[in-house]
Amino acid sequence: MKNSTPSTELGPRSGETAPTLSASRGHVLATLRQQAGPVPLATLTTATGLHANTVREHLDALVDAGLVRRRRSAPSGRGRPAWSYEARGATAGRAGAEYAGLAATLARFISRTSDSPRADAIAAGIQWGRDLVRGQDTAGAAADRRGPIVELLAEIGFAPRTDAERGTIRLTRCPLLETARAYPDVVCGVHLGIVRGALAARGADPERAELTPFAEPGACLLDLDPVPASR
């Protein structure tokens with residue numbers, strides 16, 4: 001089955017683009033790299049000497065850029081655990097390149113050998129999505145779909161942006177952009193499957209998630225609660 005190649009004018013940017021950091025944001029990243037393991041916001045605020053809101057803003061941007069990993073701290077008392085942050089390893093870029101090469105090979109194989117490349121890709125992505133959220137606290141998860149999915153997509157490099165007016169999530173980067181352009185049925189199918197698998201693991205309806213690849217200049221569009229088309 002041959003994929004139609006999406007227009008280069010549409011869709012997200014490559015996830016491999018190195019971000020340009022301001023001096024303040026670079027200071028936060030450098031400080032985080034000096035820490036031994038994940039640390040909470042309060043620790044970084046003290047270590048950098050910056051205001052907590054400023055540090056939080058920089059951390060959110062660094063997570064979106066794939067330079068920082070954000071995780072929930074261990075529960076202690078009532079309420080949702082706080083976030084902890086750690087810098088990604090220096091070998092992340094090389095590992096990402098190796099992953100992209102492997103993904104391209106697998107996408108090519110599935111596209112050539114499968115009778116239903118998209119369906120098989122979605123099925124593989126669903127299992128992957130389940131694995132990614134395994135071990136997470138899913139209490140009340142079915143009612144809180146959007147937030148955890150945005151967090152997951154940021155973690156794996158999609159730099160998601162929630163569009164409250166349209167009720168969609170804009171995926172502004174793609175960690176496999178070139179492969180996705182060559183094999184959109186397979187790669188975009190896997191990405192949709194990841195979201196559906198994560199939703200299913202959290203007790204939400206996975207079939208409500210829909211992905212429109214290369215939907216607009218700068219983004220693919222993910223809808224977790226689409227409105228049925230009128231007949």
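Start with helix 1 and helix 3: Ser24, Arg25, Val28, Leu29 and Leu32 of helix 1 meet Thr54, Glu57, His58, Leu59, Ala61 and Leu62 of helix 3. Contact means heavy atoms within 4.5 Å, and helices are DSSP runs of H or I with at least four residues, numbered from the N terminus. By class, this contact has 6 nonpolar, 3 polar and 2 charged residues. Asp, Glu, Lys and Arg count as charged, Ala, Val, Leu, Ile, Met, Phe, Trp, Tyr, Cys and Pro as nonpolar, and the others, Gly among them, as polar.

A word on the source: this is a predicted model, where local features need pLDDT of at least 70 and side-chain atom pairs pLDDT 80 or more, while totals for chains, interfaces and linings use all residues. Residues are numbered from 1 along each chain as its sequence is written, and side-chain values use heavy atoms, leaving out hydrogens and water.

The axes of helix 1 (residues 23-33) and helix 3 come within 10 Å and cross at roughly 80°. Axes are lines fitted to C-alpha atoms over the stretch in contact, with angles from 0 to 180 degrees between N-to-C directions. Helix 1 is therefore roughly perpendicular to helix 3, a label for angles of 65 to 115 degrees.

Helix 2 (residues 41-48) and helix 3 (residues 52-64) have axes that come within 9 Å and cross at roughly 110°. So helix 2 is also roughly perpendicular to helix 3. Leu41, Leu44, Thr45 and Thr48 of helix 2 touch Ala52, Val55, Arg56 and Leu59 of helix 3.

Last, the rings: Arg70 lies over the face of Trp83, 5.1 Å from the ring centre. That requires CZ of Arg, or NZ of Lys, within 6 Å of the ring centre and within 35 degrees of the ring normal.

Technical notes:
Helix = DSSP H or I, 4+ residues; strand = E, 2+ residues; numbered from the N terminus. Parallel < 35°, antiparallel > 145°, perpendicular 65-115°, else oblique.
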